Amino acid sequence: MDVLRATVLLAELPLERTRLLDNLGRIRREIGPIGPELSDALADHMNIRRGEVHEVVSFYSFLQVSADAVRVCTGPVCDCFGARELLERTPGAIEVACLGHCDLAPAMTRGDEIVPQVTHSTNNGPAVGLGARDETLAEYAARGGLDLLRNLPPLERIVGELKASSLAGFGGAGFPTGVKWEAVSQEQGLPFVVVNADEGEPGTIKDRYVMELRPHLLIEATLIAMRSLDATEGYIYLREEYATARQRLFRGIEEFQAAGLLEGLSLELVIGAGAYIAGEETAMLESMEGRRAMPRLKPPFPSQVGYLGRPTLINNVETLAHIPAILRNGGEWWADLGMRGASGTRLWSVTGAVGTPGCYEAPSGLTTRELVDEYAGGFTGDVGSIVPGGAASGILPPAAIDAPLTRDGLREYDAGPGSAAVQVFPTSYSPLRLLAETMRFFAEESCQKCTPCRIGNRALHHLFEELVHGKAAMTREKVDEWLLAMEKTSICGLGQSSPFPVRNAMEWWPELFAPLEQGVA
Amino acid sequence: MVEFTLDGRKVDANEGELIVHAAARHGTFIPTLCHDDKLDPYGGCRMCVVDVEGAPRPLPACATRITEGMAVSTNGPITDFQRTLTEMLLSEHLSTSPGGRPNELLDLANELGAEAPFVLPDAKREEYDDRNQLMGYDPDACILCNRCVRYTQEVMQCSALSLEGRGGDARIVPTWGLSWLDTECELCGGCLSVCPTGAIYEKFEEGTKAPERSLEQVRTTCTFCGVGCQVDLNLDPQTKHIVKVTSKSEYLPNEGNLCVKGRFAFNFVHHPDRLTQPLVRGDDGELHPTTWEHAIETTATSLKKTIAEHGSQSVGFLASARLTNEENYLIQKLARTGVGTNSVHSCEST
C-alpha cells in the first residue's frame, strides 16, 4: 500500500456517512483492496467507529478484492455452459455468484473489462425500443426523446396513465407503479427518487440492456419522476459489475447537465460493491446510507419512510423505461400491447440453450416457445428445464413451454414470471444440479440477518449437493417444514421466495428426490 | 391506551407498545432470542413471530407495535415455526455454554422438543483466542443474534465487536479479528451480559465452570465508585465465595450495565492480603490490629499535633475515588472548616 497516496486521497474524501460506500469504492480503485489499515484510516477520517466500517467492508464481496481481479461467473446459466472449466483454466480467478452477463455464458470480467466482449442481441420493441441504441443525447432527442421533460404533464395525468396502463414493477415484485407514485406524492416532506439498477437475479440482463442501449431514456424517465414529485435529489444505484452501463450513464448525466436539463436537480450514480441483496429496496437504502445492505423491517414502506427517513420512490430501471412511451401514447395503448389478457410489453432476458441469447421486448402473456422461437433464435436442443423469471421464480418442466409467462399462466406450475429472465437448460443439465446451484447462490447472498434465510438456504444447498451423490441428510417432511418457515418467517423476498424453485423441482422431478422419502441416510 | 385482541381476549396496551411487551403484561410469554429491551427492535431471529390479522405473513412481536383493534395470535400453528427456527439454530450450534452461562437456545429446544435434524457441514467457525484475561469467546456457540454488537454500538458507543461478512461466512468477531485489548473495548463485559447463549463468557481462573444458575445471588451496591450500581454477587453454594458479578436490567441506576471493575474486579474480597480491621503502627515500627475508636483517636491526635507544630497549610486531604458525592462533600468540609486548609483533592477529579 502506498501510504502517501492513501493519505492524500483520504484528505479529499467527503465525511458524510452516505458517502461511505462511494469512498470505499474510490479507495479500492485508487489504492487497492481494503484491509484493516485502510478501513480504520477511513473510519477515523469520517468519524465513524472502526468496527462499523469493518462490518460494511466485509459485507460486500468486492471491497477486499483488487479492482483488476479476474472474476468468473458461476451462476446457473454460466455453470451449465462451462464456468467451472473456465474457472479451472484461469489461474487466480475469483468465483462470483452472478455477473449479469448470462447472454455471454460463461462470462468473466477482468477489472471493468467483460470477457467475451459485450454484444447485444435485441429487437426494436414499441415501448422501450432497445434497437435505437442511442449514442448521444442529440440522437435520443432526434428520436423524439425529451419532449415530456420539456412539456411535463401534470402529476394527476401521469398517475392516471400509469394506472390505466396497469404497469407494475418489473424488478420481480410487481407492485402497481401508478399506486406507488401516488403514495409518494401524498406523503409529507421532500421526497427522493431512487432508481434500482442493482440487477442481480441470475439470468436477468434486461436493465443492463436499457442502460447500455438507451441510457438517456432512463435518465429522462427518472427526471420526469423527480420533477413530478418535486424531488430535487435522485440516485441510480448501480451494481458494480456493470462497467459499460456505468460509463454510459455517467456520460448521459453529463450530457443532460450540459444541456441545462438538470437545473435545480441533482442526479447521482451510486455504485454498489458486490451484494445481490442490495437490490432489495430497503437493503438498498441501508447501503446508500453507508451501512451493511441488510433489509429493513416493513412496514413502514420506503414510500413512507425511505432514504434518510424521507418518502422515497424506488423504481426498477425497466419500469421507468416504459413510462415515456406510456405518457406519450396513453396507458391504454400500452396495456393493449399485451397478449392473452396481459398488459403491455416486457423486456425478456432469454439465455441458456437458445439460438441467440439476449434481451427482447415482447408482449406480456406470450409463452416460452413463442418467445424463444420468434425472438431468440429457437431452442438449440431438447429442453430439460426452464427457469421463467430469475432464480426465485421457479423451475419448470419442459411441458411448461406452452404456458403463458404470466402469474395466471404459471399458477398451475406454482411459479411466476418474476423478472422475466427466461433461462432454458438442456436435458444434459440435471434439474438437481440447477437447484443446488440456485440454493448456493441464495445461501451466499443471504444477508444473514434472519435465521430462516441464513440457515435454511445453506442447509438446502448442502442437502442438494449431497443428494447428487444419493445421500439425504433430511427427510422430505422436515424439508417441507423448513421451506414453510423460510417462506413465512423470512424478513425479505430472498428467503420468502427461495423455497419456490425447491418445491417446483421436488414436484416435477420426484425421482431425483427419492432418497428424501426414504429418510436419513 | 389502545385495545387489541390477544389470542381471542380483548386487552389493553399502551400506544405504540411492542407486542412482546404488551403480551407479557397480560401473562403471555413470547420467546425471543435477538431481542433486548436495552436495544432497538431488530427482528432477526424470528423466534417471536405471531399471527396478526390482515398481515400477509407472521410478524415479529419484538418489532411490531400494537395499533387499535389489532388481532394477535401467539398460539396454534405459529408455534411450529418456533420449533423449526430452533432446529435451524441448533444445526450450527456446535458448542453450548462454554463458560457456564445460561443458554436460552437450549432452554427453548427443551421446551419445544426441538433437535437439529443434521449438523451443517460448514457449521464450524474459526476459533478465537484472546490474550485478555477477563472475557472469552467461543464462535461455535454464537447464534448471530447480533445483540453483543448492537450493545457495543447502541449502549456503549464503542468499537469492540463487528458483525463480519454475510451468508454462511458471517460471524461475530472483535473488530478486524483483533484482541479486545487492541480495540476500543473497555472490557465492561456488557456484550457478555446480553449474549443469550453464553458464547461470550467470563474467563476466570477458577470457579466459573459451574453453571451460572447453580450459584446463589446476593444483591448489593457496587463499592467501586459513587454511582451506586446495583449488582448481584454470585456465590458458589459450597464455598460461599464470590465467583462472578452480574446485574439485571431492572436495577437502577445502571439498568444492568456494569464497568470493568464492577463486573470483573471482585477477587480482592477473598484475597489473603485484604485489610479486614484497622491497624495502627506501634513504637516497634510494625502494624498492629486495634479498635476503630483507637485508630480514629490516633489519627486525630497526630493531625492536631501536626497542625500545632507546622500550621494548617501543612495538611492536605486526598479523597478516595470510591466515595460518594456526599462523603466527598464532608471531606472538603472537614478540610476547610475543621482543619483550615484548601488542599483537598480526589483522584476522581482527573
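**Entry 1: pairing rule.** I count two strands as paired if DSSP finds at least two bridges between them. I am working on a predicted model.

Entry 2: I looked up the partners of β11(B), residues 230-235. On one side I found β10(B), residues 216-221, joined to β11(B) by six bridges. These two strands run antiparallel.

Then I checked β11(B) against β12(B), residues 242-246. Four bridges join them, and again I noted an antiparallel run. Which residue of β12(B) stands opposite B:N234? I found B:K244 there.

I also went through the hairpin of β11(B) and β12(B). Six residues lie between the strands.

**Entry 3: chain B as a whole.** I listed the secondary structure next. Chain B has eight helices and 16 strands.

For burial, I have 37% of the 350 residues of chain B counted as buried. For contacts, I kept those in chain B with a separation of 6 or more. Residues 24 or more positions apart account for 57% of them.

**Entry 4: domains of chain B.** I read the bounds from the domain assignment.

- Domain 1 covers 2-76.
- Domain 2 covers 82-203.
- Domain 3 covers 216-274.
- Domain 4 covers 278-306.
- Domain 5 covers 311-350.

How far apart are the C-alpha centres of domain 1 and domain 4 of chain B? I have them 64 Å apart.

**Entry 5: contact between chains B and A.** I counted the residues on each side. Chain B gives 34 residues and chain A gives 34 residues. Which elements of chain B give two or more residues to its side? I found α2(B), residues 78-90, and β7(B), residues 161-164. The most comes from α2(B), with five residues.

I got 18 nonpolar, eleven polar and five charged residues on the side that touches chain A.

Conventions. Residues are numbered from 1 along each chain as its sequence is written. Chains are lettered from A and ligands numbered from 1 in the order in which they are written. This is a predicted model: local features need pLDDT of at least 70, side-chain atom pairs count only at pLDDT 80 or more; totals for chains, interfaces and linings use all residues. Two residues are in contact if their C-beta atoms, placed from the backbone, lie within 7 Å. Ala, Val, Leu, Ile, Met, Phe, Trp, Tyr, Cys and Pro count as nonpolar, Asp, Glu, Lys and Arg as charged, and the others, Gly among them, as polar. A residue is buried if 20 or more other C-beta atoms lie within 10 Å of its own, exposed if 12 or fewer, and partly exposed in between; C-beta atoms are placed from the backbone. Domain bounds come from an automatic or database domain assignment.
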